[in-house]
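Dear colleague,

I am passing on the structure we spoke about, and below it you will find my notes on what turned up when I went through it. Please read them with the model open beside you.

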Amino acid sequence: MAGPEIKAPPYREIPVPPALQPDATVGIKSFVANEKIQEAIGFQGKLADNWQETHDKAIGHFGTLLSKYRSLRVYMDACVHCGSCTDKCHYFLGSGDPKNMPVARQDLMRSVYRRYFTPAGKLFPSLVGARDLTQEVLDEWYTYFYQCSECRRCSVFCPYGIDTAEITMAAREVLDHVGYGQKYTNEILGKVTKIGNNLGLPGPALLDTLQGLEEDVKDETGVDVKYPLDVKGADVLLVTPSADFFAEPHIESLIGYGKVFHAAGQSWTLSTLASEAGNFGMFVGNYDLLRKIALRIREAALELGVKRIVVGECGHAWRVAYAFWNTLTGVGAGGKDPFAIELQNQLDPHFKQPTHICEYTWDLIQQGRLHFDKEANDHRVITFHDSCNVARASRMGDYPGGQFDIPRHIIKAVANKFVDMAPETIHEKTFCCGGGGGVLSDDLIDIRVKGALPRMEAFQRVVDEHGVNFLALICAICKAQFTKVVPYYGFKSSMVGGVHQLVSTAIKLGNEQ
Amino acid sequence: MSLFFAILFYVATAVFVAGLAYKIASFARTPAPLSIPTTPAPTTTGGVVLRMFREVVFFESLFKGNLWIWIFAAAFHFGLALVVVRHLRYFIEPVWFWVEFAQPFGMYAGFAMAGGLAGLWARRFLVDRVRYISTVSDHLMLALLLVIGTSGLGMKFLVHTDVVAVKTFFLGLMRFDIQPLPAHPGLYVHLLCVALLMIVFPFSKLLHAPGIFFSPSRNQADNPRETRHLAAWAAKMEAKN
Ligand code: HEM
Ligand code: HEM
Ligand code: SF4
Ligand code: SF4
């Protein structure tokens, strides 16, 4: 790649917030989507030639969003600039750029809100930090709202729960609306809406991969573990991020899910139509796309007649599945309208719909239906990274915080050596991997490396103190991001893997003596 | 002067009440189309009420976020709450027993309030991150509250005013019967700033007070798999297909 070499920032001696370095990351700007990409998903192709037109359109759409989303409306007004969130964002901690402080990121948008939507900003703009929307402001939005991974860490520490992710989504939605989209995310949105998954894998390629997988597993274990596709009448539909079909180490977890189903004697299937759990519609805050992509799951479930929907290891995908699917598609329970009832009558009410693969596996372990050779994982000393969207935007199990316990319970059930990272970096306070929310693009590698700093500091400590050599994950983006980024911090990519990769290593398939 | 203040307080009250009602109505009217509580979150409405209570009374999230801000914020807001309770005696007759009861504590509350404000203001100069995000209005808001606080304390401990007459004036206002207000520069400053505070309230960040109750990340229960959460505008999309 051209330009200066990208280096990891040094670890902080004592983890205090960095000194401000204005404009440190102002130059890190991802590629802008071209007209073809934009128009394929129904957005305006490019910025209008005439600024006034862009300006009016942006403000108009901002107003529409304010009337549709209570989060945006309340968050625009409620911030008191107290400063509690200022040192909570991994991109700020890794870069020192003040515009990566959550409140400052929000203020890029709030300043415009004040100018156009509040009497104080209309009358006394300089007093309340209001400013006109100009081309420069829009560029600044593009730069810094694509340096937010929508991880919600800031919202944990804000006295009003102001969630910068909501504001980032709104800003991106306005940008898309005026023809200023991001290449990476919007290209993927095009693929998933057209072909059915983010990688753009057509059905035959999928079938091919899964058959190859069956052969590999047979060679390795001597057991006929099946990876079925589009089987009508199967009980379980597994929806997983498409990276699981091809990327390393993702595929190891897919192998693991198959082994779990096999060991449980579960009838299950994957679906071509629903070959993607990820939903980048959330990243750009576009309800139509979010819904359109989610509806593929509904369609597949109805067509295949499944009783239960299980979701593979992915962070934002689990957020969308857990928190939004019921709203968007009726996958869930408690619906009273015909649209929801049609599907909910088909799904088995004894199970939580959808179910996370970790909930599924943990249930079986508790019932004593899975058996493990824990020593098979003895070459590994494992730590677990809570994925941001799982930790702060969803749940597993029956009680708040189950999303922290269940993956750890599984790891401890399949391996002997587990240690946690420092308490201020896990559970609800976990740091994002640095690549979520539409940031996982090669052209943003600089900010990705910087954003990984806080997690790498905590990881380094358990590596030094406990000899940890495996970073267990439950998110496709975390896996891709860390595989790429840990070498900048002096670790090997092979230290990164999935929770079901560990399950896969230790599970007994019933052919043992 | 009595007439001036009488008019000022009628105007201020009208702006305060109408402005705040309008803002609250707009918060309430705007739908929250998706389930977005910051998790781990309570799964029941009762749990949500408890979470909100902890946020409003103990500033739980702020406590997790920053201890210094929390200390100053607690001193200021608890002080403010007690001072306001203590002030109720100017507006009611006979005075409720719990307002009576709070009187002696209220006196110290004034100092807590001013001290908290001073601490918060100092942060705006001393901590570079907070300095960076501060706008002129953030400083002015603290100044305004500090002037109210110090002028009040001044009346209490230095140059007294006739509080009985103040009470007569305000009880009069409430019956649209204008009584004389004591001529006292400290009181004039105090009341002028209070009126200003009431007027800016609905247009400023003071909306955090009603806002917190409408924050979806705090006021939603974590139950999206059990209940279908659908905004009216989103439901319309379903009707189409
Ligand atoms: C529901 C009631 C309220 C709650 C839960 C609440 C909570 C908070 C919290 C958590 C903060 C952030 C910490 C800080 O900077 O102090 C804050 C700031 C502030 N509050 Fe309140 N508050 C409430 C009512 C009020 C009222 C009625 C006023 C009006 C006089 C007020 C004035 C302020 C000011 C001026 C700040 C900013 C302080 C600064 O500049 O640092 N609050 N509030
Ligand atoms: C119309 C409303 C108000 C009136 C008529 C009023 C009047 C007064 C008077 C007469 C005193 C002197 C008490 C004495 O000498 O014993 C006082 C004190 C004080 N006032 Fe106010 N005030 C009003 C609103 C406020 C508000 C909104 C605040 C806070 C933001 C405030 C803060 C204080 C403080 C801190 C003191 C000193 C401590 C105390 O006596 O409680 N006042 N006020
Ligand atoms: S990246 Fe996370 S912590 Fe940073 S502003 Fe965005 S949501 Fe907040
Ligand atoms: S913590 Fe919340 S209120 Fe405080 S500055 Fe950050 S966003 Fe604003």
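The iron atom of ligand 1 sits in an octahedral site, where the angles among its six donor atoms run from 86 to 178°. Please bear in mind throughout that this is a predicted model. Two of the donors to that iron atom come from chain B, namely NE2 of His77(B) and NE2 of His208(B), at 2.0 Å. Because His77(B) belongs to helix α4 (residues 67-87) of chain B and His208(B) to helix α10 (residues 208-214) of chain B, the pair ties together parts that lie 131 residues apart in sequence. His77(B) is partly exposed, its relative accessible area being 28%, whereas His208(B) counts as buried at 14% relative accessibility.

His87(B) is partly exposed, with 30% relative accessible area, while His190(B), at 9% relative accessibility, is buried.

Turning to chain A, ligand 3 is surrounded by 13 residues, of which Cys89(A), Cys148(A), Ser149(A), Cys151(A) and Cys154(A) are the closest. At least two residues of this shell come from each of α4 (90-95), α5 and α8 (153-157) of chain A, and by class the shell around ligand 3 is made up of six nonpolar, three polar and four charged residues. Ligand 4 likewise has 13 residues around it, and those that come nearest are Cys79(A), Cys82(A), Gly83(A), Cys85(A) and Cys158(A); its shell holds nine nonpolar and four polar residues but no charged ones.

Lastly, the second largest pocket has a volume of about 820 Å³. It is lined by 31 residues, and the closest to its centre are Ala120(A), Val128(A), Val200(B), Phe203(B) and Ser204(B). Two or more lining residues come from each of α3 (70-78), α5 (102-117) and α6 (119-123) of chain A, and from each of α1 (2-29), α7 (136-157) and α9 (185-200) of chain B. The element that gives the most to this lining is α7(B), with five residues, and by class the lining has 19 nonpolar, six polar and six charged residues.

With best wishes

Note on methods
Residues numbered from 1 in each chain as written. Chains lettered and ligands numbered in written order. Predicted model: local features only at pLDDT ≥ 70, side-chain atom pairs only at ≥ 80, totals over all residues. Heavy atoms only, no water. Near = heavy atom within 4 Å. Nonpolar A, V, L, I, M, F, W, Y, C, P; charged D, E, K, R; others polar. Donors = N, O, S within 2.8 Å, 3.2 Å for Na, K, Ca; no water. Tetrahedral: all angles 85-135°; square planar, octahedral: opposite > 155°, others 65-115°. Helix = DSSP H or I, 4+ residues; strand = E, 2+ residues; numbered from the N terminus. Buried < 20%, exposed > 50% of the residue type's maximum accessible area, 1.4 Å probe, protein only. 1 Å grid on protein atoms, 1.4 Å probe; cavity = no way out; pocket = protein on both sides within 12 Å on 5 of 7 lines; lining within 4 Å. Points joined across faces, edges and corners; volume = space filled by probe spheres on them.
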